[in-house]
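Colleague: I would like to learn how to read the features of a model like the one below, taking them one at a time. Could you give me the general idea in each case and then the example?

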Amino acid sequence: MSELFEKDFSKIKLPVLLLRGLVLFPGMILSFDVGRVKSIAALNEAMNNNQRIFVVTQKDVKEEDPKLEGLNPVGVFAEVKQVLRQKGNVIRVLVEGHGRGKISALVREKPFMEAEVLVCEDEQTKDSLEEVASLRTIRTIFKEYVKLSPMISPDLIIGVSSCEDPGKVADYLAANLNFDYKVKQDLLNKTDVLERLEDLMGLLLNELNILSIEQDLNLKLIDKIELGKKEYFLREQKQIISEELGEKDFQTESEELKGKIIKLKLPKSVHDQLTKECIKLSNMQPGSQETNVIRNYIELCLDLPWNKKTKEKIDLGRAQAILDRDHYGLSKVKERIIETLAVRKLTNDANGQIICLVGPPGVGKTSIAKSIAKAIGRRYARISLGGVHDEADIRGHRKTYVGAMPGRIITAIKSAGSKNPLILLDEIDKLGKDQFGDPVSALLEVLDSEQNYSFYDHYVDMPFDLSEVFFITTANNYESIPEPLLDRMDVIELISYTSEEKYHIGKEHLIPKQLKKHGITKGEFKISEAALRELITCYTREAGVRTLERTIANLMRKAAKTFVSGEKQRISINTKDLEEMLGPRKFLPDKLKTKVQVGVSTGLAWTKVGGETISVEVATMPGTGKVKLTGSLGDVMKESAQTAISFIRSNAKQFSIDPNFYNKLDIHIHVPQGATPKDGPSAGVTLASAIVSALTGIPVKQNAAMTGEITLRGRVLAVGGLREKTMAAYRAGVDTVIIPKENESDLSELDSIVKSKMKFIVADNMDIVLKNSLVSNKFNSLNKSMLTKRKKGLDSGVCLTT
């Protein structure tokens with residue numbers, strides 16, 4: 001042992017450093033990481049005490065803080081050579097072992113472990129010849145070990161050959177050979193050199209036998225490869241493994257698949273094709289890459305419902321009840337669906353009847369398709385076409401490609417498990433197109449009743465009958481649907497919900513649904529009618545009800561939190577509670593101007609989320625006849641303003657307006673909410689009324705709103721979106737609405753509450769509009785003058801209805 005440990009030779013008091021899974025031997029230099037608090041404290045103590053420390057191995061590597069009984073008593077006196085501090089309170093230590101020692105007593109356990117250690121010297125045998133013989137034997141065995149294990153370090157070979165001390169050779173080999181740490185600890189425990197050498201000989205002989213066996217196996221394998229039987233060897237090995245695992249061979253598997261084919265009673269062409277594939281599978285060699293391809297193909301084809309279908313039960317009364325239960329309103333849509341079902345019941349042939357539900361997001365297109373499937377007893381499958389731009393998504397990939405799979409149509413048929421399901425082709429207006437093909441062209445065959453009886457999927461590689469499938473498609477805008485597809489579908493338009501419809505949907509459907517979803521009873525959560533209406537008007541702005549449902553769910557979550565925390569047992573929400581729970585209003589309700597104003601008229605606009613009222617402001621000022629248009633107006637709306645000005649100029653005398661106003665005055669037309677783009681021809685009469693009011697000084701009635709396209713001759717043409725526009729007028733408090741005469745037939749489709757609360761004036765020319773919109777009867781004479789002109793054939797304008 002070194003001079004560091006010579007003082008107090010028989011008993012030394014030292015800090016103890018614990019190792020896990022490692023064993024330090026005398027004369028060995030070992031590097032390891034230290035992270036435990038006690039171990040770090042022991043190292044610090046050693047660094048302050050001539051770098052001396054006692055290193056022992058704990059018995060259980062999983063134990064974090066072992067006691068004395070959890071340690072191997074025999075360890076090694078060591079000197080700390082190097083300490084490197086790393087990230088995360090980890091220290092890398094380099095220690096050198098000097099001699100064996102044995103813990104005699106534990107001095108303390110905290111903050112680090114310290115013990116009294118007895119020095120253990122090697123016990124030399126009286127017969128030195130026996131040690132020499134053992135040393136020679138060890139070297140002989142080690143030479144054989146080196147021949148079979150080429151990874152042995154040259155330094156280890158030199159060290160064993162040059163050292164003449166049997167004890168040191170035993171420790172040197174034990175420290176550097178790959179033995180388990182428990183075996184190494186057993187060698188460390190032995191102070192008798194001869195006994196240590198004998199144990200080491202046994203370990204080396206055991207390792208030598210293992211290496212010999214491994215070498216024999218490698219030689220056998222090399223011999224087989226040299227004989228050119230590598231592939232045969234691998235196949236034989238796989239076959240033996242399969243037999244041991246109880247796996248069936250391809251011949252047996254092929255026969256089982258043939259039995260399934262016969263049992264399904266498939267069409268002859270399908271039966272013959274799948275039988276050929278089974279024969280091909282039985283002849284495949286194990287390990288072939290094509291094996292899994294053929295097996296997956298056969299299994300998918302057998303999973304397809306070639307002869308399975310559900311019995312369609314069309315009961316119009318039941319269908320109407322299901323539609324009414326699942327959806328509020330939509331009477332026109334429901335009527336059209338019931339008519340379609342009636343035709344299917346009479347003819348028993350649905351070929352060619354493909355319904356396309358068109359409407360803004362959230363109005364219930366997808367849920368209507370589910371309700372139809374439920375009503376007629378068909379299975380339901382949905383295919384999302386949004387973003388599909390590859391023809392292979394519809395027709396599938398050929399099975400020869402890696403990772404090939406069938407197209408979405410066949411996949412939907414398989415998942416439905418029936419050859420006559422209801423398949424919803426969702427978002428058909430969002431199909432794409434790229435260099436990989438046009439999915440629209442593939443869908444033409446799917447949706448054409450003259451072709452889809454033999455739909456050909458590239459993966460299945462056999463015709464499949466789609467003629468009994470009930471296809472329903474959805475779209476947000478039918479103008480975006482490719483014309484060839486649109487030509488094959490019957491379009492049913494779902495318009496945006498009115499506020500009244502949203503109120504009933506929220507009350508009768510959304511609130512009960514969210515109560516059940518959040519585990520709340522009706523008695524625990526109540527929302528007043530006024531609060532629900534304000535929720536619709538001031539916290540949502542959409543055509544459908546998705547945002548409304550999310551907002552109601554937000555209220556439910558807050559209520560659930562209140563119930564769970566024990567603050568309240570039930571909640572009743574009024575309008576004053578909404579701002580506290582949901583924050584300030586996101587939208588302000590449309591408000592009618594409170595007094596009559598010159599040059600300001602109220603129009604009606606249609607948006608994707610419903611109707612809105614718009615205000616048109618006109619100001620005149622001395623100038624040179626310039627016309628300025630502001631408010632993010634589109635080209636069509638700008639043209640409507642120019643048309644209105646030209647109409648007024650041509651009839652300036654009848655309006656008692658200076659015929660030269662366009663030379664003396666500048667006209668500025670502004671539509672508020674300048675950040676919102678606006679376009680369309682339906683604001684023509686509103687623009688004309690505001691301009692006439694500004695030029696004559698006669699104010700526009702504050703309780704009147706109007707919509708209609710204007711021509712150069714003053715004719716008022718039809719517009720769209722009347723239902724949504726009138727609902728917006730109703731919300732704003734308008735009691736008089738001026739509409740084109742050509743839209744008179746659309747009044748029957750208006751909401752009943754709107755028709756009962758408002759007066760509708762139909763107009764086919766501007767004199768009727770001005771008579772009912774301006775606060776004056778000054779334009780009665782204009783009516784007669786313009787009628788006289790028409791009788792004389794002077795009104796030669798061209799009318800293009802919208």
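This is a predicted model: local features need pLDDT of at least 70, side-chain atom pairs count only at pLDDT 80 or more; totals for chains, interfaces and linings use all residues.

Colleague: How many of the 11 residues of α25 itself are buried?

Modeller: Burial is judged from relative accessible area, with under 20% counting as buried. Nine of the 11 residues in α25 (residues 722-732) fall in that class, so the helix is largely enclosed by the rest of the structure. The buried residues are L722, R723, E724, K725, T726, M727, A728, A729 and A732.

Colleague: Is N772 buried or exposed?

Modeller: The same cut-off of 20% applies, and because its relative accessible area is 19%, N772 is buried. This residue has its place in helix α27 (residues 766-773), and, when residues up to four places away in sequence are not counted, N772 touches K701, I738 and I761.

Colleague: And how should I read D490, which lies in strand β13?

Modeller: Here the value falls between the limits of 20% and 50%, so D490, with a relative accessible area of 32%, is partly exposed. Strand β13 spans residues 490-493. Leaving aside neighbours within four places in sequence, D490 is in contact with R336, Q353, I354, I355 and C356; as for Q353, its C-alpha atom is separated from that of D490 by 7.0 Å, although the two residues are 137 apart along the chain.

Colleague: Which residues have the most contacts inside the largest nonpolar core?

Modeller: A core is read as a set of buried residues joined through side-chain atoms. The largest one has 53 residues, and I428 and L485 have the most contacts inside it. Beyond the neighbours within four places in sequence, I428 is in contact with residues including L385, L443, L447, M489 and L485 itself. There is also a second, separate core of 52 residues, among them A369, I376, L532 and I571.

Colleague: At what angle do helices α19 and α20 pack?

Modeller: One reads the angle between the two axes together with their separation: α19 (residues 529-538) and α20 (residues 546-565) pack at about 130 degrees, with the axes 10 Å apart. That angle makes α19 oblique to α20, and the crossing is right-handed. On the α19 side the contact is made by L532, L535 and I536, which meet L548, T551, I552 and L555 in α20; by class, this contact has six nonpolar residues, one polar and no charged ones.

Conventions:
Residues are numbered from 1 along each chain as its sequence is written. Side-chain values use heavy atoms; hydrogens and water are left out. Axes are lines fitted to C-alpha atoms, for helices over the stretch in contact, and angles run from 0 to 180 degrees between N-to-C directions. Helices (H or I, at least four residues) and strands (E, at least two) are DSSP runs, numbered from the N terminus. Angles under 35 degrees count as roughly parallel, over 145 as roughly antiparallel, 65 to 115 as roughly perpendicular and the rest as oblique. A crossing is left-handed if the near helix is turned anticlockwise from the far one by less than a right angle, and right-handed if clockwise. Contact means heavy atoms within 4.5 Å. Ala, Val, Leu, Ile, Met, Phe, Trp, Tyr, Cys and Pro count as nonpolar, Asp, Glu, Lys and Arg as charged, and the others, Gly among them, as polar. Buried means under 20% relative accessible area, exposed over 50%, partly exposed in between (1.4 Å probe, protein chains only). A nonpolar core is a set of buried Ala, Val, Leu, Ile, Met, Phe, Trp, Tyr and Cys residues joined through side-chain atoms within 4.5 Å.
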